[in-house]
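Keep the structure open and turn it as you read.

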Amino acid sequence: MSLDVPVALLERAERGSVTDEEFVVCVRESLPYAWQVVSKVSADLAARDGDFAEHAVPPPSDAERGQLLRALASDAIRGGLERHFGVRLAFQNCHRVAAFALTAVSSPAYREFVSPAGQLRNQSPELRNC
């Protein structure tokens, strides 16, 4: 799953003058499922009193799973989403996405979520092919 970059945006990128806003619009339009998941988990975090919110529903198809993988495996895309939503994103198992408050990045909950032990505890046979 690649980004669908409009010619004008690509030309600006080649000149080195792309804003975060332009980049995030490209991500939103190219990866709508990933955008929806990150938007929802970010909104859930903002609506509750806590350090993080998570989304753990498997994507409906491999295409949507590919969007999540593309968005969260790319430093540029993930960073753009984090700056746009004002959160720190964490990711497990090819579909479990969490948004953490920036003030919670050193919290026990964040450290647990991103730990090797946390990853191992969230494995199951049905997730091995994702």
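Tyrosine 110 sits in helix α6, which covers residues 108–113. Please bear in mind that the model is a predicted one. Is tyrosine 110 buried or exposed? With a relative accessible area of 13%, tyrosine 110 counts as buried, because the cut-off for that class is under 20%. Which residues does tyrosine 110 touch, once its neighbours within four places in sequence are set aside? Its contacts are Arg88, Ala90, Phe100, Ala104 and Val105. Phenylalanine 52 lies 58 residues from tyrosine 110 along the chain, yet the two C-alpha atoms are separated by 8.1 Å.

Two of these contacts lead us to the strands. Arg88 and Phe100 both touch tyrosine 110, and phenylalanine 100 in β3 is also the bridge partner of arginine 88. The strands β2 and β3 pair over six bridges in the antiparallel sense. They form a hairpin, with three residues between the two strands. Asparagine 93 belongs to the turn and has a positive phi of about 60 degrees.

Now look at β3 on its own. Six of its six residues are buried, so the strand is largely enclosed by the rest of the structure. Side chains in a regular strand alternate between the two faces of the sheet. In β3, Arg96, Ala98 and Phe100 point one way, while Val97, Ala99 and Ala101 point the other way, and all are buried.

Back in β2, phenylalanine 91 is worth a stop. At 22% relative accessibility, phenylalanine 91 counts as partly exposed, because buried residues must fall under 20%. Beyond residues up to four places away in sequence, phenylalanine 91 touches Leu68, Leu69, Leu72, Arg78, Arg96, Val97, Phe113 and Gln119. Arg96 and Val97 in that set point opposite ways from β3.

Which residues of α5 (residues 75–85) are buried? They are Ile77, Gly79, Gly80, Leu81 and Glu82. An α-helix has 3.6 residues a turn, so residues three or four places apart point the same way. The buried residues of α5 pack against the helices α2 (20–30), α3 (32–47) and α4 (62–73), and against the strand β2 (87–92). After α5 comes glycine 86, with a positive phi near 70 degrees.

Finally, let us zoom out to the whole chain. How many helices and strands does it have? There are seven helices and three strands, and along the sequence they follow the pattern α-α-α-β-α-α-β-β-α-α. The radius of gyration is 15 Å, close to the 14 Å that the globule rule gives for 130 residues, so the chain is as compact as a globular protein of that length. Its C-alpha atoms fill a box of roughly 45 × 35 × 25 Å along the principal axes. Buried residues make up 39% of the 130 residues. Of the contacts with a separation of 6 or more, 59% come from residues 24 or more positions apart. The accessible surface is about 7400 Å², and carbon and sulfur atoms account for 53% of it. As for charge, the mean positions of the 14 positive and 17 negative charges are 5 Å apart.

Note on methods
Residues numbered from 1 in each chain as written. Predicted model: local features only at pLDDT ≥ 70, side-chain atom pairs only at ≥ 80, totals over all residues. Heavy atoms only, no water. Helix = DSSP H or I, 4+ residues; strand = E, 2+ residues; numbered from the N terminus. Rg over C-alpha atoms; globule rule 2.2 N^0.38 Å. Buried < 20%, exposed > 50% of the residue type's maximum accessible area, 1.4 Å probe, protein only. Contact = heavy atoms within 4.5 Å. Areas by Shrake-Rupley, 256 points an atom, 1.4 Å probe, with all protein chains shown as cover. Lys, Arg positive; Asp, Glu negative; His and termini not counted. Charge placed at Lys NZ, Arg CZ, Asp CG, Glu CD. Pairing = 2+ DSSP bridges.
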